[in-house]
Amino acid sequence: MIIRPRVRGFVCVTTHPTGCTRNVEAQIAHAEANPIASPPRSVLVLGASTSYGLGSRIALAFGGRAATFGVFFDRPPRARRPATAGWYNTAAFEEAAARAGLRSACFNGDAFSHEAKERVIAALKDFPPVDCVVNSLAAPRRTHPDTGRRFTSVLKPIGEAYHSRTLNTDRARVTDVQLDAATQDEVESTVAVMGGEDWRMWMDALGDGGVLAPHCRTFAYSYIGPELTWPIYRDGAIGQAKADLHRTADELHAVLSRSGGGAHIAIMKAVVTQASAAIPVVPLYVSILFKIMKEKGDHEGPMEQAQRLYGTKVYGPGGIQADENRFIRLDDLEMKPETQAAVMRAWDSISTETLHACSDFDGYRSDFLRLFGFEVPGVDYDADVDTMVEIPALVDG
């Protein structure tokens with residue numbers, strides 16, 4: 001099958017297995033070139049197939065030689081329909097891990113369900129005690145495992161409508177956007193999907209299942225960003241969910257620290273992910289930010305962020321490097337005052353006509369397509385490709 005990218009809004013509905021494999025191989029090479037000094041022994045990654053979750057698993061496995069277990073929810077390939085990118089990413093990871101002699105296994109299923117937790121815990125009985133749990137789950141919907149109620153998150157402000165500018169990535173146009181305020185039910189649903197409840201459920205289940213090491217540390221990812229994005233992010237429905245996630249970290253830390261472990265929130269920089277592409281305003285901000293950070297030479301993608309997090313700020317010679325809120329700041333380069341001042345100058349002058357001059361739209365678009373295995377250097381996209389790829393070490397779901 002010859003596969004071309006087909007983009008609908010903020011989603012590419014096709015994927016390229018070879019491109020996904022090359023992406024993973026490039027990330028593995030980065031991890032191996034930047035080894036982690038004092039890595040954990042056994043790692044569970046929730047949301048392990050794309051973006052920060054995938055980067056974290058690669059960094060800890062190939063940079064730290066840790067045993068890793070990945071949990072994800074991806075569509076397998078079918079006749080004339082490729083799998084999701086996360087499926088091909090995971091297949092490439094598992095094959096590379098086997099070649100490198102790394103302990104590795106994975107589970108494909110709804111991580112929010114009790115069944116997934118039970119199946120993963122049973123599989124982890126054969127792993128060394130888990131001393132690192134990475135929570136990188138990102139989903140638009142969640143079915144509560146106890147009540148069966150289905151929640152859907154929203155990308156809306158709270159209190160009043162929000163007016164700003166955004167980027168129509170299909171047409172390369174800067175447009176106005178208005179988002180109506182979220183209702184209280186929508187805010188509560190967003191917290192139910194993106195807050196900390198499921199993280200707590202996982203840690204409780206893992207502890208009760210006897211698979212955690214006494215000194216286990218757990219990490220979740222969040223974002224603060226500039227004031228420009230606050231109405232939709234920090235102060236919006238997503239912000240309420242992130243605040244709940246942060247409270248959960250405090251509660252988990254109070255328990256885990258008694259035996260030498262802990263729970264931390266890593267504040268990451270703005271990058272191109274399937275989730276961030278859906279947030280109004282963010283693609284335009286990211287396109288501007290990328291141009292400025294690339295010019296300064298301090299731009300990072302998810303893999304570089306994950307490697308710096310675990311190699312320098314968690315398992316490096318200095319141990320955990322956190323601020324007064326116990327946040328581990330990976331947005332430090334993005335939030336430099338001079339960088340943000342340059343972003344605001346570009347934001348004030350950007351338009352459809354000045355988009356390419358004032359931003360790195362081409363870089364944003366390329367990063368977006370690479371999420372799905374396209375525009376990867378060295379891949380022949382005119383060649384026939386086999387989409388029916390299996391994942392080694394997949395625990396039956």
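Predicted model: local features only at pLDDT ≥ 70, side-chain atom pairs only at ≥ 80, totals over all residues.
**Sheet and strands**

- An open sheet of 8 strands runs in the order S13-S12-S11-S6-S3-S4-S5-S14 with parallel pairing; strands and helices here are DSSP runs numbered from the N terminus (E, at least two residues, for strands; H or I, at least four, for helices), and two strands pair if DSSP finds at least two bridges between them.
- Strand S13 (327-329) and S14 stand at the edges with a single partner strand each, so one side of each is left without a neighbour in the sheet.
- Strand S3 (residues 42-46) pairs with S4 in the parallel sense over 5 bridges, with Thr68 in S4 as the bridge partner of Val43.
- S4 also pairs with S5 in the parallel sense over 5 bridges, and Ala105 in S5 is the bridge partner of Phe69.
- In S5, 5 of its 5 residues are buried: Ser104, Cys106 and Asn108 point one way, whereas Ala105 and Phe107 point the other way.

**Helix H3**

- The 15 residues of helix H3 (residues 85-99) should span 21 Å at 1.5 Å a residue, and the end C-alpha atoms are 21 Å apart, which agrees; the expected span is 1.5 Å times one less than the number of residues.
- Of the 15 residues of H3, 12 are buried, among them Trp87, Tyr88, Phe93 and Glu94.
- The cover of these buried residues includes helix H1 (17-33), helix H2 (51-62), strand S4 (67-72), strand S5 (104-108) and strand S14 (394-395), contact meaning heavy atoms within 4.5 Å.

**Salt bridges**

- The structure holds 20 salt bridges, each defined as a side-chain nitrogen of Lys or Arg within 4 Å of a carboxyl oxygen of Asp or Glu.
- Glu197 and Arg142 meet in a salt bridge at 2.8 Å, N to O, linking helix H6 with strand S7 (residues 141-143) across 55 residues; Glu197 is partly exposed at 28% relative accessible area, whereas Arg142 is buried at 1%.

**Positive phi angles**

- Most residues other than glycine have a negative phi.
- Arg80, in the loop between S4 and H3, has a positive phi near 65 degrees and is exposed, with a relative accessible area of 76%.
- Val281, in the loop between strand S12 (262-267) and helix H8 (282-296), has a positive phi of about 80 degrees and counts as buried at 0% relative accessibility.

How values were computed:
Residues numbered from 1 in each chain as written. Heavy atoms only, no water. Buried < 20%, exposed > 50% of the residue type's maximum accessible area, 1.4 Å probe, protein only.
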